[in-house]
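Subject: Structure handover

Hello,

Here is the structure for you to look through. My notes follow below it.

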Amino acid sequence: MEINNGAVLANEEGMKGKKSWGCKANERIIGCDSTIRGTVSMLTSHLNPHDPRPKVPFSQGDPSPFPSFRASPVVEDAIVEALRSAKFNSYSPNCGVLNARRAVAEYLSRDLPIKLSPDQVLLTAGASQAIAFIISVLATPGANILLPQPGYLFYNTRATFSNLECRSYDLLPEQGWEVDINTVKGLADKNTVAMVIINPGNPCGNVYSYHHLKKVAETAEELGILVIADEVYGHIAFGDKPFVPMGVFGSIVPIITIGSLSKRWVVPGWRLGWIATIDPNGILLESKIMESLKVAGSSVIAAPLASHHNIFNLDKAASETNCFGFQGAVPQILERTNGEFFERILNMLRQTSDILVDKLREIDCITCPHKPQGAMFTMVKLNVSLLEDMKDDMEFSIKLAKEESVLVLPGSSMGIKNWLRIMFAIEPDLLKDGLERIKSFCQRHAKLN
Ligand SMILES: *Cc1c(COP(=O)(O)O)cnc(C)c1O
């Protein structure tokens with residue numbers, strides 16, 4: 001028997017007389033612990049427990065606890081029905097239940113010039129798992145991927161897990177947070193495999209026009225890279241621009257679309273998402289990307305019921321499990337949710353985004369360069385030079401939590417310093433209260449001149 005002489009690092013002194021063990025954590029994974037959730041829990045630890053006022057969570061991306069954003073009874077009933085039927089108690093097939101994949105294909109095809117087949121759809125445990133699969137499939141040695149800045153950090157985290165290099169391209173605040181095509185062209189090289197585009201956008205609240213998306217598609221085609229279209233907020237567009245799915249340009253460049261029930265149906269806890277490939281020219285087929293995605297999908301043993309291995313906390317490195325019981329309800333959810341429910345949510349977001357932008361005008365040190373038109377967030381610029389003793393957005397956010405019980409996400413945690421992300425899918429009264437508190441906080445800390 002060979003004695004393990006170990007990879008555990010310790011100094012020689014400490015090792016004396018001790019057995020050495022061969023176990024060691026993958027340091028790349030430990031290095032990924034800089035998620036939004038990490039920042040939010042740090043801010044939460046600064047809340048004053050003696051403040052009788054309610055906490056205002058502008059930092060989260062989950063409106064489901066608020067009565068105005070309660071999920072439709074139609075989808076709740078569909079789940080109950082699927083579970084009661086006992087038809088979905090078995091292991092799930094690898095890529096998801098056929099009826100559910102067909103329903104997703106039909107749902108997406110409503111807005112596309114081509115009709116998707118169920119074979120082009122893979123069901124996942126939320127869009128997060130879709131991202132994890134796509135990144136692991138694209139992570140060949142030396143490859144890199146282009147990500148929006150500011151963007152959605154989960155892509156960076158997964159890329160680090162998979163040893164895929166990330167390169168950030170800029171979004172332009174003064175142009176409705178459009179993609180800076182020139183930085184995209186400057187960053188891409190022969191090892192670039194894909195670019196990610198988030199539309200409607202988190203964290204910027206952007207909704208891109210047909211014209212802009214076409215330009216993005218043409219740029220990607222020119223560079224020979226595929227487009228990953230994160231459309232988790234698909235159809236959540238309440239401004240003057242309609243939502244245009246990237247898949248419309250599938251004949252220009254291959255598209256991998258990511259979606260889920262989490263945001264549009266306001267059920268993020270259900271963990272139901274999908275990957276769809278829109279590839280009329282067969283490029284993803286030829287490069288075996290679709291095939292590999294299916295292998296990634298089948299590498300996860302589907303769980304019989306909704307089980308939440310929270311990838312951020314308990315089970316960081318492991319994939320999430322599928323939710324088979326919930327898949328059984330997908331056809332009903334996609335077919336039966338009525339327009340009235342979606343209209344109600346869009347009206348709420350229109351109303352709350354109006355309140356937000358109006359109120360921010362009264363606060364000198366905060367400017368909103370672009371009124372949000374979609375999703376549920378906006379990025380605002382913080383001018384710390386107008387404030388006394390305020391170093392940066394991080395200090396601002398910590399003091400605001402401490403003094404006003406208001407949580408906002410500092411841009412530094414997303415790589416852009418002295419910006420703040422504000423989530424506005426909140427009960428209107430609480431939203432107004434929270435903004436009023438930010439206003440008085442800023443007045444109290446304003447420099448006197
Ligand atoms: C919330 C979100 C996701 C993850 O969605 P889930 O379905 O909850 O996993 C992915 N991308 C963006 C941009 C998001 O905001």
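In this predicted model, 4 strands make up an open sheet, ordered 10-11-14-13, with antiparallel pairing. Strand 10 (366–367) and strand 13 (409–410) are the edge strands. Each has a single partner strand, so one side of each lacks a neighbour in the sheet. Strand 10 pairs with strand 11 (residues 377–382) over 2 bridges, in the antiparallel sense. Across that pairing, Ile-366 sits opposite Leu-382 of strand 11.

UniProt, in an unreviewed entry, gives Lys-263 the feature "modified residue: N6-(pyridoxal phosphate)lysine". Lys-263 lies in the loop between strand 8 (255–260) and strand 9 (273–278). Is Lys-263 buried or exposed? Its relative accessible area is 16%, under the 20% cut-off, so Lys-263 counts as buried. Leaving out residues up to four places away in sequence, Lys-263 touches Gly-61, Val-232, Tyr-233, Ile-236 and Met-376. With one of these, Tyr-233, the Lys-263 side chain makes a side-chain polar contact of 3.2 Å.

Next, the charged pairs. The count comes to 19 salt bridges.

- Lys-359 and Glu-436: the closest N and O atoms are 2.6 Å apart. The pair links distant parts of the chain, 77 residues apart: Lys-359 is in helix 14 (residues 339–360) and Glu-436 in helix 16 (residues 428–444). Lys-359 is buried at 15% relative accessibility. Glu-436 is partly exposed at 37%.
- Arg-444 and Glu-404: the closest N and O atoms are 2.8 Å apart. This pair also links distant parts of the chain, 40 residues apart, with Arg-444 in helix 16 and Glu-404 in helix 15 (residues 393–404). Arg-444 is partly exposed, at 47% relative accessible area. Glu-404 is buried, at 3%.
- Asp-433 and Arg-437: the closest N and O atoms are 2.9 Å apart. Both sit in helix 16, and about one helical turn separates them because they are 4 residues apart. Asp-433 is partly exposed at 29% relative accessibility. Arg-437 is buried at 3%. Elsewhere, salt bridges with shared partners join Asp-51, Arg-53, Glu-403, Glu-404 and Arg-444 into one network.

Last, the whole chain. The protein chain has 16 helices and 14 strands. Of its 449 residues, 56% count as buried. Among contacts between residues at least 6 apart in sequence, 73% join residues at least 24 apart. The chain exposes about 19,900 Å², and carbon and sulfur atoms supply 52% of that area.

Best wishes

Terms used: Residues are numbered from 1 along each chain as its sequence is written. This is a predicted model: local features need pLDDT of at least 70, side-chain atom pairs count only at pLDDT 80 or more; totals for chains, interfaces and linings use all residues. Side-chain values use heavy atoms; hydrogens and water are left out. UniProt positions are given in the numbering used here, feature names are shortened, and annotations may be inferred rather than shown by experiment. Buried means under 20% relative accessible area, exposed over 50%, partly exposed in between (1.4 Å probe, protein chains only). Contact means heavy atoms within 4.5 Å. A polar contact is a pair of N or O atoms within 3.5 Å; within protein, one must be able to donate a hydrogen and the other to accept it, and residues adjacent in sequence count only if both atoms are side-chain atoms. Two strands pair if DSSP finds at least two bridges between them. Accessible areas come from the Shrake-Rupley method with a 1.4 Å probe; for residues, only the protein chains shown count as cover. A salt bridge is a side-chain nitrogen of Lys or Arg within 4 Å of a carboxyl oxygen of Asp or Glu.
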